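Colleague: I would like to go through this model feature by feature. Please give the general idea each time, then the case here.

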Amino acid sequence: MASASSDAGRGATAGPPVMGRPRDTGRGLAILDATLALLTEVGYEQLSMEAVASRSGAAKTTIYRRYRDKAALVAAAVEHRSHASPPEPAAGDLRGDLLELVTWLGRQIAEQEIGLLGALFAGMRSDVRLAEEMRRILRRDEAAMTDEPLGKAIRRGEQLTPRAAELFAEVAPAVIVHRIVIAGEPCDKSFVEHLVDDILLPLLRGH
């Protein structure tokens, strides 16, 4: 049976979406913070390098030296914001590892600003470059979430569908977003157990 962890990492590409390597200076962080703030306020279509320069206090030429276009700038800002790492799978069984992972994922999604998510989704529909950059980030994050817990489960002898990593990435975030945004309910313990026991485990095991 193919390793689910290899499925998760397939297609990921290395390298940041920038022309030069941004330095972690106060000015560099100000540029990224200004980008996220403006993206939430005005949306992707209305976001401009000029506005980011004005908000951050950086010269427009400085921004263009670091980021080749608006899509690269927004992707770098998203990566700057999304720095949390998923928990190490330490429960000793797949169910326990998934409970920890889904709890963590629920917290990460709940902490996101709805306006920012909406701006990113709209931008991905209108800008192919942004869509490419965001999918690169998502593939990397999906692999970071699933490689360890699913890989350990397979090494313990658990039978998982070859598409387990892909299925987790497709289903878990979507159900959590629906819970938080559409239903307006928290990702509490009972919901996490329902998602893991009734949806994810049967799906990943191919039942």
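Colleague: How many salt bridges does the count come to?

Modeller: Side chains of opposite charge can pair when their charged atoms come close. The rule applied is a side-chain nitrogen of Lys or Arg within 4 Å of a carboxyl oxygen of Asp or Glu. By this rule the count comes to 17 salt bridges. Note that this is a predicted model, in which local features need pLDDT of at least 70 and side-chain atom pairs count only at pLDDT 80 or more, while totals for chains, interfaces and linings use all residues. Residues are numbered from 1 along each chain as its sequence is written, and side-chain values use heavy atoms, with hydrogens and water left out.

Colleague: Which residue forms a salt bridge with Lys 60?

Modeller: The partner of Lys 60 is Glu 50, with 3.0 Å between the closest N and O atoms. Lys 60 lies in helix 4 and Glu 50 in helix 3, so the pair ties together parts that are 10 residues apart in sequence. Helices (H or I, at least four residues) and strands (E, at least two) are DSSP runs, numbered from the N terminus.

Colleague: Which residue pairs with Asp 197 in a salt bridge?

Modeller: Arg 95 does, and the closest N and O atoms are 2.7 Å apart. Asp 197 lies in helix 10 (residues 189–204) and Arg 95 in helix 6, so this pair ties together parts that are 102 residues apart in sequence. Arg 179 is buried at 19%, whereas Asp 188 is partly exposed at 30%. There is also a network of salt bridges, with Glu 79, Arg 129 and Asp 141 among its members.

Colleague: What does the secondary structure of the chain come to?

Modeller: It comes to 10 helices and zero strands. Of the 207 residues in the chain, 41% are buried. For contacts (heavy atoms within 4.5 Å), residues 24 or more positions apart account for 73% of those with a separation of 6 or more.

Colleague: How much space lies in the largest pocket?

Modeller: On a 1 Å grid over the protein atoms alone, a pocket is an open set of points where a 1.4 Å probe fits, with protein on both sides within 12 Å along at least five of seven lines; lining residues have an atom within 4 Å of a point. Here the largest pocket holds about 1,000 Å³. Its lining has 30 residues, and those closest to the centre are Ser 82, Ile 109, Leu 117, Leu 138 and Asp 141. Helix 8 gives the largest share of the lining, nine residues.

Colleague: Which residues make the nonpolar surface patch?

Modeller: A nonpolar patch joins Val, Leu, Ile, Met, Phe, Trp or Tyr side chains within 5 Å, from residues with over 30% relative accessible area and no salt bridge. In this model Ile 114, Val 177, Val 181 and Ile 182 make a patch of about 340 Å². Helix 9 (residues 164–182) supplies the largest share, three residues. Ile 114 lies in helix 7 and is partly exposed at 49%.

Key. Patches are made of residues with over 30% relative accessible area and no salt bridge: like charges are joined within 9 Å, nonpolar side chains (Val, Leu, Ile, Met, Phe, Trp, Tyr) within 5 Å. Accessible areas come from the Shrake-Rupley method with a 1.4 Å probe; for residues, only the protein chains shown count as cover. Buried means under 20% relative accessible area, exposed over 50%, partly exposed in between (1.4 Å probe, protein chains only). Grid points are joined across faces, edges and corners, and a volume is the space filled by probe spheres set on the points.
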